[in-house]
Amino acid sequence: MIKLRKKTSQPVQLSPPQILASGFAIVILIGMFLLNLPIATVHQESIGWIDSLFTATSAVCVTGLVVVDTGSYWSVFGQTVIAVLIQIGGLGFMTMATLFAVVLGKKISLKERLIIQQAVGQETISGVVRFTLFLLVVALGIEALGALFLAFQFVPEFGFSTGIGYAIFHSISAFCNAGFDILGDGNSLSRYATNPLINFTIMTLIITGGFGFTVLLDLYNHNKAKHFSLHTRIVLLITISLLAIGALVYLLLEWSNPATLGNLSFPQKLMASLFQSVTPRTAGFNTIDTAGLTDASLFFTIILMFIGGSPASTAGGIKTVTFGVVLLLAFSVIRGNDRVVLFKKTVPQPIIKRAITVAIIGINLIILVTMLMTIMEPTFTFMQILFEVTSAFGTVGLSTGITSQLGTTSKLLMIAMMYAGRVGILTVAFALARRQHHYRNLVHYAEEKVLVG
């Protein structure tokens, strides 16, 4: 007699990219539920599932695009939920999970370390827990320092309790490159366009958060290592170059524009131009009217938003290192070099392929969603839609003022763009792709040249 053996169902094994993508989605759904509660709004009325999902996604993906004014629409409970979502989204849910595990004395397994490695952008699992704790201490320390400086402005202006709350919220939002504000007038930081304390504190928080924790650790260990890694050098080079070029471009393009810089003094124009150069690096705050920018400035802002901040940071976009590697590759091809070299270091081929892939997928996503939204939103100009879509992909949060007027389908597309921009387009792609058998990489086919260019 033949006994039939029952098939035992094997638990589904999720890869690190799938766990990361799922984790962000779960946090967004929890945020959506909380923000849809009547207690989350000033009027004690539910905002609706689509708008609560949009707001939760914007907060977790540290974007800053809003369908309602954060300061006047949401209650203290709602604003607190948004601040917590920003903090989780900015530092990464795996970072927060690691903190709780360490506090509770839980042992972190090898698989969990692999997931943390993927989340914080480290090359090996060696020291990832220590690095994650360093990340938390540095982030919270910088946010606390930023809140202290902001309190010098907000406490005298709004009173002690409200001023402290404003200082903490805006420090978290700035460091995490979220761009949410709770000032209540719907004009972001426009009232502080000529205030050096607010401008330079917010800019410092944005830049620091956008550097990436790998760079911050490298800067911290500079005295021990005596030289920066190639990654840190590229980040510093591209970041400083873009900030300087951006400030100069905005100063020239908006010099006489009465809607932006025209009515400011020369020192105020310099400060406002520098702030405008910093904020497209996925921050989302603005001190001048974004809708009042010239078309040339809007298009230039789109380019900066697409590039974004740096890897393993709170910023979005294709990242500065990706942009730098692609740019270096182009220069190498033009000069006839078969390798990409910078600072006497060769960039590995897999990194170059990854950079090209990220840039191509990012461009195609923006093109596709922009085309769809131009069909669904005929009342808006092409520049407005392209700006909005790029802002969502780069998790920036800058807008020409059309976010609240978008239809349901357009909002869902924007939600998808914000999610892909924060989680990372390659992480999303790896999470959705089927695993390939390793033996396929062992098969090599004959080469044949094709014409390009």
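The model is predicted, so local features were taken at pLDDT of at least 70 and side-chain atom pairs at pLDDT 80 or more, while totals for chains, interfaces and linings use all residues. Residues are numbered from 1 along each chain as its sequence is written, and side-chain values use heavy atoms, without hydrogens or water.

A nonpolar core is here a set of buried Ala, Val, Leu, Ile, Met, Phe, Trp, Tyr and Cys residues joined through side-chain atoms within 4.5 Å; buried means under 20% relative accessible area, exposed over 50%, and partly exposed in between (1.4 Å probe, protein chains only). The largest such core holds 116 residues, and I86 and I202 touch the most other members. Helix α7 (residues 128-158) supplies the largest share, 10 residues; helices (H or I, at least four residues) and strands (E, at least two) are DSSP runs numbered from the N terminus. Leaving aside residues up to four places away in sequence, I202 touches L150, H170, A174, L189, F275 and F285, where contact means heavy atoms within 4.5 Å.

Rings of Phe, Tyr and Trp (its six-membered ring) pair if their centres lie within 6.5 Å, with planes under 30 degrees apart counted as stacked, over 60 as edge-to-face and the rest as tilted. In one of them, F154 and F158 are tilted, at 6.0 Å centre to centre and 50° between the planes. These two residues are separated by about one helical turn because they stand four residues apart in helix α7. F158 is partly exposed, at 25% relative accessibility, whereas F154 is buried, at 1%. F154 also pairs edge-to-face with Y192, at 5.9 Å and 70°. This pair links distant parts of the chain, 38 residues apart, as Y192 lies in the loop between α8 (160-175) and α9 (196-211). Ring pairs join F154, F158, Y166 and Y192 into a cluster.

Charges over rings come next: NZ of Lys or CZ of Arg must be within 6 Å of the ring centre and within 35 degrees of the ring normal. K269 lies over the face of W255, at 3.9 Å from the ring centre, and R233 over that of F343, at 5.4 Å.

Finally, the axes of helices α15 (residues 320-334) and α16 (residues 349-376) come within 9 Å and cross at roughly 110°. Axes are lines fitted to C-alpha atoms, for helices over the stretch in contact, with angles from 0 to 180 degrees between N-to-C directions. The two helices are therefore roughly perpendicular, the class for 65 to 115 degrees. At this crossing, T322, V325, V326 and L329 in α15 meet I352, A355, I356, V358 and A359 in α16.

Key: Angles under 35 degrees count as roughly parallel, over 145 as roughly antiparallel, 65 to 115 as roughly perpendicular and the rest as oblique.
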